[in-house]
Protein chains: 2
Amino acid sequence: MKPKCLLALLAVTCASSLCMAQTASIAEDFKPSTFNQPGQEYPQVNSQGYARFRIKAPQSDSIKVSLGLGGRGGTKLTKGADGFWTGTTEGPMDEGFHYYHLTIDGGVFNDPGTLNFYGSTRWESGIEIPAHDQDFYALKDVPHGNVQQILFPSKSTNTQRRAFVYTPPGYEKDKSKKYPVLYLQHGWGEDETAWSNQGHANLIMDNLIATGKIQPFIIVMTYGMTNDVKPGPGAFKSFKIDHFQTVLTDELIPYVDASFRTRADRAHRAMGGLSMGGMETHMITLNKPELFAYYALLSGGTYSPDELKDKTKPKLIFISCGSKERPDGVKNAVVALKGAGYDAVSYISENTAHEFLTWRRSLYELAPLLFKE
Amino acid sequence: MKPKCLLALLAVTCASSLCMAQTASIAEDFKPSTFNQPGQEYPQVNSQGYARFRIKAPQSDSIKVSLGLGGRGGTKLTKGADGFWTGTTEGPMDEGFHYYHLTIDGGVFNDPGTLNFYGSTRWESGIEIPAHDQDFYALKDVPHGNVQQILFPSKSTNTQRRAFVYTPPGYEKDKSKKYPVLYLQHGWGEDETAWSNQGHANLIMDNLIATGKIQPFIIVMTYGMTNDVKPGPGAFKSFKIDHFQTVLTDELIPYVDASFRTRADRAHRAMGGLSMGGMETHMITLNKPELFAYYALLSGGTYSPDELKDKTKPKLIFISCGSKERPDGVKNAVVALKGAGYDAVSYISENTAHEFLTWRRSLYELAPLLFKE
């Protein structure tokens with residue numbers, strides 16, 4: 001037996017026993033994902049984080065789910081005699097929210113069982129793997145703030161643009177109170193719906209406010225893809241912030257300050273964003289430090305002391321990412337910022353990657369640090 | 001040749017010439033539907049109202065689009081050498097909004113080209129056939145009201161329930177002004193997103209307010225399927241209004257009156273709904289005439305003078321439907337109501353059926369009649 005064959009045999013043996021071990025250990029306590037459409041039983045998730053799919057397409061030849069373990073090409077479904085295709089991820093998924101889609105006979109479609117969420121520049125299926133700490137973004141019987149769709153005029157793009165505005169509970173009642181504002185951006189391929197739909201930003205805020213852990217503030221979320229960044233290698237090399245910066249700082253901020261009871265000064269204005277939204281935050285806060293006192297990059301790069309010197313000093317810099325991203329880069333950047341005299345905080349979300357549970361947790365950690373008097 | 005064969009031959013001949021005539025007359029000026037997802041070229045609509053579909057699924061065996069001429073089973077797509085399936089409706093569609101879905105190899109999926117809209121108790125694909133009068137619901141450079149998501153506590157259902165609230169432009173600015181409220185319900189299988197998403201209720205209001213044709217008012221839209229009405233024959237026979245009535249009148253209305261600057265009396269409160277929402281409006285206004293002064297049924301039945309007698313008299317009854325529904329029933333009901341001394345108005349939407357253009361137009365006609373001093 002040549003070494004090559006031996007290795008192949010070993011591989012088969014290992015794979016086979018792994019597979020048996022996994023099959024034996026999958027807990028059969030699957031329940032519908034919380035993001036399913038009303039009345040839909042599938043997809044399901046078990047207590048270990050495995051996801052199971054079930055799709056009706058009796059005459060189809062192949063169905064694959066894009067979700068699965070990283071880099072292994074997703075989960076192939078198997079057709080049963082009843083015309084339903086079923087399959088289970090080969091391992092547990094990370095806790096939290098995941099985008100996915102189906103490939104049916106070579107075409108890309110969404111799972112009819114789930115709600116759709118805007119990601120990858122399209123409305124995609126979404127699934128929620130319950131997180132051990134999901135209580136902080138749960139819908140509870142506490143006073144709720146509202147999420148408002150606003151349409152604001154934008155001369156620079158010659159459009160009426162959409163944003164969503166979270167106003168905290170009680171906003172309508174005390175008509176003399178004014179609030180600080182966090183401008184919070186989505187990532188590449190997402191839009192202004194992301195932070196409310198898959199991010200649960202409103203519920204995170206409601207719950208924090210109910211426990212008295214933060215001072216209420218307004219959150220404004222708008223579309224940041226005005227630069228029309230295309231997917232693929234080098235997508236961001238030619239990225240210019242000018243268009244979006246104009247929309248945000250010359251059009252949206254004045255509109256919000258005129259339409260809502262804001263504290264319309266630098267000390268009560270923050271900007272943050274996830275991924276590409278962090279990159280935008282980085283660029284805009286450095287270009288317009290006179291507008292924002294708090295900066296937050298969520299899986300969206302870092303600041304160096306060099307970039308900040310000779311500019312109006314921020315009151316706080318918050319930098320975060322998931323432990324499966326580049327936590328050392330985040331931690332080292334914050335050490336350097338502190339060494340240079342900046343008030344900087346790092347946060348690492350345990351056992352999460354470049355996904356929304358990282359960002360939900362980041363918002364939860366960030367909110368109590370903002371707008372301290 | 002037996003008669004049966006002759007008929008068959010005639011049928012083939014007729015179908016064939018019809019088909020040729022149609023093909024010759026289809027204007028090749030197709031454009032992406034306004035409800036397509038960002039950057040998606042298909043589905044498309046031409047100036048005559050034909051819809052054209054294009055779906056990638058190279059290994060699929062059959063794809064059918066549920067849209068087509070009424071009762072003819074939709075539009076079958078044909079596979080091209082490039083792996084894309086294409087097809088055009090066999091005739092022009094009615095103007096306005098249509099739900100649809102794809103049947104791919106026996107399974108039901110959405111068209112990845114379009115946005116999804118909640119109808120038939122699921123998120124379905126939607127397409128917009130431009131209407132000759134579409135200006136009244138267009139997004140224009142006028143002051144815009146906001147659409148807010150609220151979450152209100154419901155003891156009767158032990159949930160935090162969602163509603164959307166349209167507040168007119170200027171609501172935030174004049175903090176002393178109070179507004180009348182229209183409670184506006186969706187139809188069976190839809191939800192509280194319908195009137196804003198596919199109904200454009202907010203844009204209809206913005207445009208009416210900008211031209212000074214109406215006094216601004218608030219619209220509240222919540223989920224009316226608390227009775228869990230299932231599809232199929234006899235679905236509504238066992239319909240009981242109690243659950244939804246309790247949510248609306250004992251929970252939502254007090255919450256709205258406490259949270260927004262409303263004129264919280266009967267004279268400044270209206271209820272309306274489309275289809276099943278009309279049925280709910282009919283039941284609730286008759287049960288609680290002390291709460292509402294204006295009633296509106298949009299493709300949702302009629303009132304008779306007998307039902308209304310000995311009850312607090314409404315200020316206005318508005319009844320509408322599409323010309324392809326039962327316009328005589330609507331007109332006759334209004335004649336009878338007027339004869340009995342009620343202020344009643346009928347409206348028939350020309351060349352539309354039980355679909356959203358009927359209801360957009362109905363709201364446009366209704367709004368100027370509400371809350372006249």
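Is A:Asn207 buried or exposed, and at what relative accessibility? In this predicted model, A:Asn207 has a relative accessibility of 7% and therefore counts as buried, since buried means under 20% relative accessible area.

The residue belongs to helix α3 of chain A, which spans residues 201-210. Leaving aside residues up to four places away in sequence, A:Asn207 touches A:Asp135, A:Phe136, A:Tyr137, A:Ala138, A:Lys140 and A:Val142.

Three strands of chain B form an open sheet in the order β8-β12-β11, and their pairing is antiparallel. The edges are taken by β8, residues 96-100, and β11, residues 116-119, both of chain B, each of which pairs on one side only. Between neighbouring strands of this sheet the average turn is 50 degrees, with direction ignored.

Within the sheet, β8(B) can be followed to its partner. Strand β12 of chain B covers residues 122-129, and its antiparallel pairing with β8(B) runs over 5 bridges. In this pairing B:Phe97 stands opposite B:Glu128, a residue of β12(B).

A helix also packs on this sheet: α8 of chain B, made up of residues 356-366. Helix α8 of chain B touches β8 and β12 of chain B. The direction of the helix makes about 140 degrees with that of β8(B).

Technical notes
Residues numbered from 1 in each chain as written. Chains lettered and ligands numbered in written order. Predicted model: local features only at pLDDT ≥ 70, side-chain atom pairs only at ≥ 80, totals over all residues. Heavy atoms only, no water. Pairing = 2+ DSSP bridges. Helix = DSSP H or I, 4+ residues; strand = E, 2+ residues; numbered from the N terminus. Axes fitted to C-alpha atoms, helices over the stretch in contact; angles between N-to-C directions. Contact = heavy atoms within 4.5 Å. Buried < 20%, exposed > 50% of the residue type's maximum accessible area, 1.4 Å probe, protein only.
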